[in-house]
Amino acid sequence: MLEIGFFYTAATVALVATVMAMTRANAIHALIYLIVSLLAVAVIFFLIGAPFAAALEIVIYAGAIMVLFVFVIMMLNLGEKGDKQERQWLQPSIWAGPAVLSAVLLIELVMVISQTSGPVSVTAVSAKEVGLALFGPYVLAVEIASMLLLAGLVGSFHLGRRYLERDNLEKQGGQ
Amino acid sequence: MDGLNIPLNHILLVSSLLFAIGMLGLMIRRNIIFILMSLEVMLNAAALAFVAAGAHWGQPDGQVVFMLILTVAAAEVAVGLGLVLQVQKRFKTLDMDHANRMQG
């Protein structure tokens, strides 16, 4: 079965990328591998018949959450050596690993799309069913999740605001 | 309803391996950014297990729980990265072994 082969390829990519992410010394390099790992997990979601979960995985995990990581790492890395570091990051030895792993995923995607009667037609659970369940029996969980997000918003605003204010105070004190 | 041609065991195996890698990373790394990344990996592995089980029995509950896990991960990482900024500001390092004392 071709579908099984797709699954094992994606699973291998996910495991290798996660191991590489956990063993990197540089946080940005680890982050690139982590994004590849999340993309591979999204492929697995797609193959097991959860296309909506796959889309959310890419948009929220690989998109939004990883961008938060990138922002914070870049905020911490401010300095005069940033330019040199930037040039170092462009060396092929650094992006070759993630590039190869994501190329495997890309080849897999092209093969899935090019065959019409393949895993694409399998939709075990459609997005409509998920939506009906989410706002039917699980509506209380949605409310709790919204309160959790509000708490996260207020908490991170509080922490970040104090960070910025102390920065300003120190600058004023130094002048 | 069987939309799943891949054996559930194998997906759960991948999920538990991912979880184990994340937990190992959590234990061996001392940089707080890597600790947060390991937490993301572990949450993701749990979400994979939920979605696989939901697909196996053809129920939407797996994906509903996946979305709740996504919410938890987003809230956790927002607060966690705020703490990263505070730790960097206060201790001038991201090594968590320097921040293991409580005040008092």
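Two residues are said to be in contact if their C-beta atoms, placed from the backbone, lie within 7 Å. By this rule, the contact between the two chains draws on 54 residues of chain A and 49 residues of chain B. The structure is a predicted model, in which local features need a pLDDT of at least 70 and side-chain atom pairs count only at pLDDT 80 or more, while totals for chains, interfaces and linings use all residues. Residues are numbered from 1 along each chain as its sequence is written, and chains are lettered from A and ligands numbered from 1 in the order in which they are written.

On the side of chain B that touches chain A, the elements giving two or more residues are helix H1 (8–28), helix H2 (32–56) and helix H3 (61–91) of chain B. Helices (H or I, at least four residues) and strands (E, at least two) are DSSP runs, numbered from the N terminus. H3(B) gives the most to this side, with 23 residues. Sorted by class, the side of chain B that touches chain A holds 34 nonpolar, 12 polar and 3 charged residues. Here Ala, Val, Leu, Ile, Met, Phe, Trp, Tyr, Cys and Pro count as nonpolar, Asp, Glu, Lys and Arg as charged, and the others, Gly among them, as polar.

One helix pair across the contact can be followed in detail. The axes of helix H6 (residues 127–134) of chain A and H3(B) come within 9 Å and cross at roughly 70 degrees; axes are lines fitted to C-alpha atoms, for helices over the stretch in contact, and angles run from 0 to 180 degrees between N-to-C directions. H6(A) is therefore roughly perpendicular to H3(B), a term for angles of 65 to 115 degrees. From H6(A), the contact is made by A:Val130, A:Ala133 and A:Leu134, and from H3(B) by B:Asp61, B:Gln63, B:Val64 and B:Met67. These residues divide into 5 nonpolar, 1 polar and 1 charged.

Chain A itself has 7 helices and 0 strands. Of its 175 residues, 29% count as buried (20 or more other C-beta atoms within 10 Å of the residue's own, with C-beta atoms placed from the backbone). Among contacts in chain A between residues at least 6 apart in sequence, 66% join residues at least 24 apart.

Finally, how confident is the predictor? Chain B averages a pLDDT of 87, and 95% of the residues score at least 70; pLDDT is the predictor's confidence in each residue, from 0 to 100. Among the elements of chain B, the mean pLDDT is highest for H2(B) (92) and lowest for H3(B) (90). For the complex, the predictor gives an ipTM of 0.89 and a pTM of 0.84.

Technical notes. Buried ≥ 20, exposed ≤ 12 C-beta atoms within 10 Å, placed from the backbone. Parallel < 35°, antiparallel > 145°, perpendicular 65-115°, else oblique.
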